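Please consult the sequence and the model while reading.

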Amino acid sequence: MAVSDGVVKKVILSYTYVAIWIFLSFTVIVFNKYILDRKMYNWPYPISLTMIHMAFCSSLAYLLVRVFKLVEPVSMSRELYLKSVVPIGALYSLSLWFSNSAYIYLSVSFIQMLKALMPVAVYSIGVLFKKESFKSETMANMLSISVGVAIAAYGEAKFDAWGVTLQLLAVAFEATRLVLIQILLNSKGISLNPITSLYYIAPCCLVFLSIPWFIVEYPSLRDNSSFHLDFTIFGTNSFCAFALNLAVFLLVGKTSALTMNVAGVVKDWLLIAFSWSVIKDTVTPVNLIGYGLAFLGVAYYNHSKLQALKASEAQKKVQQADEEAGRLLEERERGNNRKEERESDLK
C-alpha cells in the first residue's frame, strides 16, 4: 500500500523536530559544562550563569508574547500568580542552580546517568501528593532504576559526593516542580507551553536566584578584578538555552511528550559517548552496566505510561459512543411519544 505524501512529510517533519531538540539539548549541556568546568573555560559561577539565562529568556519571551504577539498569554490573576507560579518558580530556580553547580564536580556522562532517577523522583513525589496511586509493580520498576543508578555511581571513576548531592537535589526539586505544575496549574485548567512558562516563570526565577547570588557569588565576582563578561560566549550560550525551550515547544506541540522522552534517551546515550570520546571523561564498564539497567527500567516505565494512556483514550471513546447512543435513543423515544400523542389527539 502506497504511503501518502502527507504522511511522509509529517514523519520527516517529526524527525526534524526530534533532531533539532537533541542537537540543542546536547549543545546546552556541553556548553554549560565548558563554561563552568575549572579545567575548561573556568568560570565556576553557576548562579550567575543561570541568572544570565533567565534574564535573556524572559526578555525574549516578553517580546514574543507582548510585542510580536506570536504566542497567546494565559489569563492569570495576581492571586493565582502568587499562589501557583511563584512556588513553581522557586523550585525551578533551585533545580537549575543545583544542576548547573553539579557540572563543576561531575562528568557529563555521570550526570546523565544520575538524571535517570527523574521518573523515580516524579513517581515518589506524585504518590506523596496523592497525584499517583501506589502500585507495587511500578515501585519495583522504580527500584530497578535506582539500583541501576547506584551501580553506575559505584563504578564512577571520579566520584564526588558533593557533586552527586547537588545533582540529586536538582532532580528532587525538578520532580517536585513537575508534580506541582499538575496540582497548581493543570488542575485549574491552565496549560503553559515552554514560551509562556518562560514569560511567567523566568522573571520569578531571576528574583529568587538574586538572593543566593548576592551572598554566594557576588563577593567573589566583585573581588575578581580580572573578570569580564564575554558577550560572544554568554550570548551564544543564552541563545542556545532559549532555542532549546523553543524546540521543546515545537517538539511537544507537533509530536508528543512521549516522543520527547524517547528522544531524551537517545540524547543521553549520545552525551555519554561524546563525554567519553571527545571530553575524555572516564566511562567504566560498571558505569555502563548500571546505566543500562536504569535505562531498561525507564524504557519499561515509558511503555507502561503509553499503554495506560491508550487504555484511557479507548475508555473515553467507549463512553462517548455510549453517551451518543443514549442520546439518540432518548430522541427516538421522544419522537415516538409525540407521534402517539398526535394519534391520540386525532382520535
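Trp-213 is partly exposed, because its relative accessible area is 22% (buried means under 20%, exposed over 50%, partly exposed in between, with a 1.4 Å probe and protein chains only). The model is predicted, so local features need pLDDT of at least 70 and side-chain atom pairs pLDDT 80 or more, while totals for chains, interfaces and linings use all residues. Residues are numbered from 1 along each chain as its sequence is written, and side-chain values use heavy atoms, leaving out hydrogens and water.

**Aromatic pairs**
- The structure holds 14 aromatic pairs (rings of Phe, Tyr and Trp, the last by its six-membered ring, with centres within 6.5 Å; planes under 30 degrees apart are stacked, over 60 edge-to-face, the rest tilted).
- Tyr-41 and Phe-234 form an edge-to-face pair, because their planes stand at 80°, with the ring centres 6.2 Å apart.
- This pair links distant parts of the chain, 193 residues apart: Tyr-41 is in the loop between helix H1 (5-36) and H2, and Phe-234 is in helix H9 (residues 231-254) (helices are DSSP runs of H or I, at least four residues, numbered from the N terminus).
- Tyr-41 is partly exposed at 23% relative accessible area, whereas Phe-234 is buried at 3%.
- Trp-213 pairs with Tyr-218 in a tilted arrangement, 5.3 Å centre to centre and 50° between the planes.
- Tyr-218 is partly exposed at 28% relative accessibility.

**Aromatic cluster**
- One aromatic cluster is formed by Tyr-34, Tyr-41, Trp-43, Tyr-45 and Phe-234.

**Helix H2**
- Val-67 lies in helix H2 (residues 46-67) and is partly exposed, with 46% relative accessible area.

Conventions: Helix = DSSP H or I, 4+ residues; strand = E, 2+ residues; numbered from the N terminus.
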